[in-house]
There are 2 protein chains.
Amino acid sequence: MASPTAPFRVALLGVGTVGRATADSLVRDAGRLAEAAGRPIELAVIAARTPARLQGLALPAGTQVLADPHAAVEVPGLDAVVELMGGDSPAGEIVEAALRAGRSVVTANKHLLAARGQALETTARQAGARLRFEAAVGGGTPVLRVCASDLAAVRIECVRGVINGTTNWILDAMERDHLGAGAALAAAQVAGYAETDPSFDVDGIDAADKLVILVRLAFGTWISPAAVARIAVDGPGAGRPGIRGVEATDVAAAEARGHRIRVIAEARRTAAGIVASVVPREIDPDDPLARAHGIGNVVVFEGEPAGTVMVAGPGAGGPATAAAVLADVAALARGEGSTWAGSAAAAVGLLATEAAR
Amino acid sequence: MASPTAPFRVALLGVGTVGRATADSLVRDAGRLAEAAGRPIELAVIAARTPARLQGLALPAGTQVLADPHAAVEVPGLDAVVELMGGDSPAGEIVEAALRAGRSVVTANKHLLAARGQALETTARQAGARLRFEAAVGGGTPVLRVCASDLAAVRIECVRGVINGTTNWILDAMERDHLGAGAALAAAQVAGYAETDPSFDVDGIDAADKLVILVRLAFGTWISPAAVARIAVDGPGAGRPGIRGVEATDVAAAEARGHRIRVIAEARRTAAGIVASVVPREIDPDDPLARAHGIGNVVVFEGEPAGTVMVAGPGAGGPATAAAVLADVAALARGEGSTWAGSAAAAVGLLATEAAR
C-alpha cells in the first residue's frame, strides 16, 4: 500500500457536464482537495471518447488522455476509477471489472446502480473493493451519506423526496408562468433542463432509479426499479406515468386550494414490506417538499428515534455534482469505505456474503 | 489491533438525558448498531456519579458500573471513550488524557470544544487519536459531517443557522401565544426546555459555542467564543445579549410585516477575516431559517460551487442526540477518522503539526 501522503491516483472516465467539472475542480481546487483527502489527488488519466470535449480544459502536464475507457482503467498504479460516462454499457462492464480487480470506484451512474446495484455490491464485497456513489442521488445535495452514516443508529421508517430536477422545474414553470404541460416541457428543453427525449425524467424513471438507491441505504434491500409505482391511482395526473397526465388545470386547482403539485418519490416500511412510488401529489405549502424550487432537491427521512431529518440542495449542475464526486474521492483517499458502510444490509444477506470471504 | 469483527468496547461517561438514551440504544438497537459498525458495540463500562440515575436501565450482564469516570477510562481493552458528562471539568481532563493516550473519543460537549477545541485537536493529531463530536452541534441533525466531509470539495463562504432550541422555542411561544418574554421563558422552564439559570441559552452562549465548532469545520480555524458577537447593533433586542432585549412588541411588529424573529448564528468569510455573530434577526418567511420551529435546528451552508445546502432536524432530545453519538461510535468502529477529517485545516497550521510528528 502506498504511503498516506503519496498522491491518490484516479482515472476519470467521461467528460460530459459532470466529468468536465470534476476535471476542472481537480486542477483548480487541488489544494483544498489535498487537505480534504489528507494527500494530493492526482488526475492520472482521463478517458474521453470525444476528445474535442477536452477543449478549454487545463489538464495537468502528467495526465494521460485516452479515447478508450477500458485502456484507461488498465493504467498502472491507479487508486480509484471515477466513472462519469453514464449509461449501462460499457460503464457497467468497466465498473464491474474494476471492482472485481479490488479497485475502488466512484460513480454518479444512478441508472447503472438501480439496474445492477445488488450485483455490483456483491462483487465489491467479495473483492474487498469500495464503491461510492453520493452524486447518483441529489447531485450536490448530501443525501446518501446522511442516510447511511449519520442516521446509522436510526430506524428509518420513511424516505420522501423531490429528487428529479427536470419535472420539478416543469411544475414550477406551469405554476409560476401558467404554462400548459407541453409549453413548460418545451421551455425546460430550451433552458437545457430537459432532454430531446424527456421520457426518462417525465415518466419518473430517473426518480425511480434514485429511489431504488435510497431504499438500499435506508432499508438494506435492493429492490427492482420496476417495483417503484410510477402511475398514480388518484390525484393529479392519475392513470399516466410521472407527470405525463398533469394538466394546467390540475396546477391551477391545487393553487386555488393553496397547495402545490410536486413529484414525490416515497418509500415506506410497512408490515407487507417496502412500498415505493414516484407520483405527482398535491401537497400543503408547509410540507418541506413544497420548498423544492427549480432544480433543487429536498429529501426527508422519518425515523425512530431521530424524528424528521431534512436535507436540501442543488439537485443538478456540473460543479455541484462534481463536488459530491470529489467528496467521495477524498473519502476513499482517507481510507473510508463504501457508501453503504454504516447502513443496514442484513435484509439481502450481503453481510453474510462478506463474512464468508 | 483487534480483529475487525471483535466487539468494539466503549466506556460511557455520564447518565444524564443523552447518556441514558445512549446506553438504552446500545442495548435495544444492538443488532442495527453492529451492522452500522461492522462489528458488535460492547458497553464495557458505564460511569455514573449518581448511580440512582441507572434505575430502569437494562444494562448488559457484562457491563461494569463505576462511580468514578477517571477509573472508567482505565478499564483495559477499551476502544473508545464516550464522554457525555458535560461541563469543563473533569470532562476536559478526561478527554485530554484519553486522547493523549491515543484513545478514540466521542463527545457531545460543545462548551468544552468551544473553549479548548484547538488544544484537543492538537493533542489528538500528535497522539494519532481520533475525536468525533457530531452531537455537539444540532443534536440529531447531521450538521458537522455534512460540513466537513460532504462539502469537502466546496469553498464554504457562509454558515447560517438556528442552533439553539431553547431560544427558538421561546420565540415561537411569544409569536404563537402572544406571550411576553418573561412568560415565554417561564413556559419553557415548565416544559423542560430551559434551565433554572437560562443564561447559557438566553444570552446566546450555547449558540456561540456551537458556532465556534461550525467555524472550525467550515473555515479551518478555531476562533474564541468571545469573538462571537452576541449583542446586536440594530434590529430586535439590539444592545442586549441574545434574546434578553427582545420584547413582545418586537415580535408583534415583525409579524405585522409578515416576518419572524429567529436567533441567527452566522459566520462569514470576509476580506477582513471571519465574522461571527449570534443575534436575533427579523427574517422573511421564505428564509429557510424561518422554518425552524420549536427545538428544531436548521443550518444552511453557502458555498462555491455547490450553492446552498440546508440540513434540518431535531436540535435536542435524548434519543435523537444519542443517535448522533452512536453514528460517531459506529464510524470509529469502521475505522473512520475524526470529525474534522475532510475539512480544511491549513489555516491554523494543524496539518503542519500533524505532518511533523
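Is B:Tyr193 buried, partly exposed or exposed? B:Tyr193 counts as partly exposed because its relative accessibility is 34%, where buried means under 20% relative accessible area, exposed over 50% and partly exposed in between (1.4 Å probe, protein chains only).

This is a predicted model, in which local features need pLDDT of at least 70, side-chain atom pairs count only at pLDDT 80 or more, and totals for chains, interfaces and linings use all residues. Residues are numbered from 1 along each chain as its sequence is written, chains are lettered from A and ligands numbered from 1 in the order written, and side-chain values use heavy atoms, leaving out hydrogens and water.

Over all chains there are four aromatic pairs. Rings of Phe, Tyr and Trp (its six-membered ring) pair if their centres lie within 6.5 Å; planes under 30 degrees apart count as stacked, over 60 as edge-to-face and the rest as tilted. Two of the pairs are shown here:

| Pair | Centre distance | Plane angle | Class |
|---|---|---|---|
| B:Phe133 and B:Trp340 | 6.2 Å | 45° | tilted |
| B:Trp169 and B:Tyr193 | 5.5 Å | 45° | tilted |

B:Phe133 and B:Trp340 link distant parts of the chain, 207 residues apart, and both are buried. B:Trp169 is buried too, at 17% relative accessible area.

Now to the proline. A:Pro225 is partly exposed, with a relative accessible area of 26%.

Methods:
Helix = DSSP H or I, 4+ residues; strand = E, 2+ residues; numbered from the N terminus.
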